[in-house]
Amino acid sequence: VLRFFRQVDIKTEKGLRDGCILILAAFCGLRMNEIITLDLNSIIDDGKEIDIYVKGKQGHDREVFLWKIPGLLIRQYLFIRISQGAKGSDPFLIAYSYKNRRSRNRLQQQSIDYLIKALAHKAGIRKAEIHIHMFRATHANDLQHIRGYTLPAIQERLGWKDLSTAGRYLVRRERIHREYNSLHEY
């Protein structure tokens, strides 16, 4: 995950948007469709913390808490979108042309697929198949090592309808030998 983040230039508007995509996948565990359907009203910023209101699968809506550091990037991109005149129902993540010109169009799935493959290539990650859903699975596994994140809490955060879904995501990793007090600490 960190190798992906190192490839993103958050000093540019498009790079900041790309960083937000990674944050939403790796630190919030959002599905592809949940990421691309976010609008400005989905980002709840009380000035201290960021919550993401997610319109989940089959009406399973939820709020996902995002701690301080990744929340700063989300807030920064939110300010950019607002300064562009975007309103509450406008898309949070927008498309950029190949010359990095912004559009008002909602980001599409194929753009995220291309971004993930390009970042993987740039980072020297040589997997036969790589996609955004891998970040969701990583997030689910990471939550196992956070104090307070029981299986039902993980289910709620990721919006799983059925607890049996955990079997497809959660694996036992012997290399992690401690429990963390919070997501921020982890």
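Trainee: Does H139 count as buried or exposed?

Mentor: This is a predicted model, in which local features need pLDDT of at least 70 and side-chain atom pairs pLDDT 80 or more, while totals for chains, interfaces and linings use all residues. Residues are numbered from 1 along each chain as its sequence is written, and side-chain values use heavy atoms, without hydrogens and water. Buried means under 20% relative accessible area, exposed over 50%, and partly exposed in between (1.4 Å probe, protein chains only). Because its relative accessibility is 3%, H139 counts as buried.

Trainee: In which helix does H139 lie?

Mentor: Helices are DSSP runs of H or I with at least four residues, numbered from the N terminus. The run that covers residues 133-143 is α6. H139 lies in helix α6.

Trainee: Which residues are in contact with H139, apart from its neighbours within four places in sequence?

Mentor: Contact means heavy atoms within 4.5 Å. With those neighbours left aside, the partners of H139 are A25, A26, F27, C28, G29, R157 and L158.

Trainee: Which residues of α6 make the contact with α2?

Mentor: On the α2 side, the contact is made by L22, A25 and A26. On the α6 side, the residues are F135, R136 and H139.

How values were computed. Axes are lines fitted to C-alpha atoms, for helices over the stretch in contact, and angles run from 0 to 180 degrees between N-to-C directions. Helices (H or I, at least four residues) and strands (E, at least two) are DSSP runs, numbered from the N terminus.
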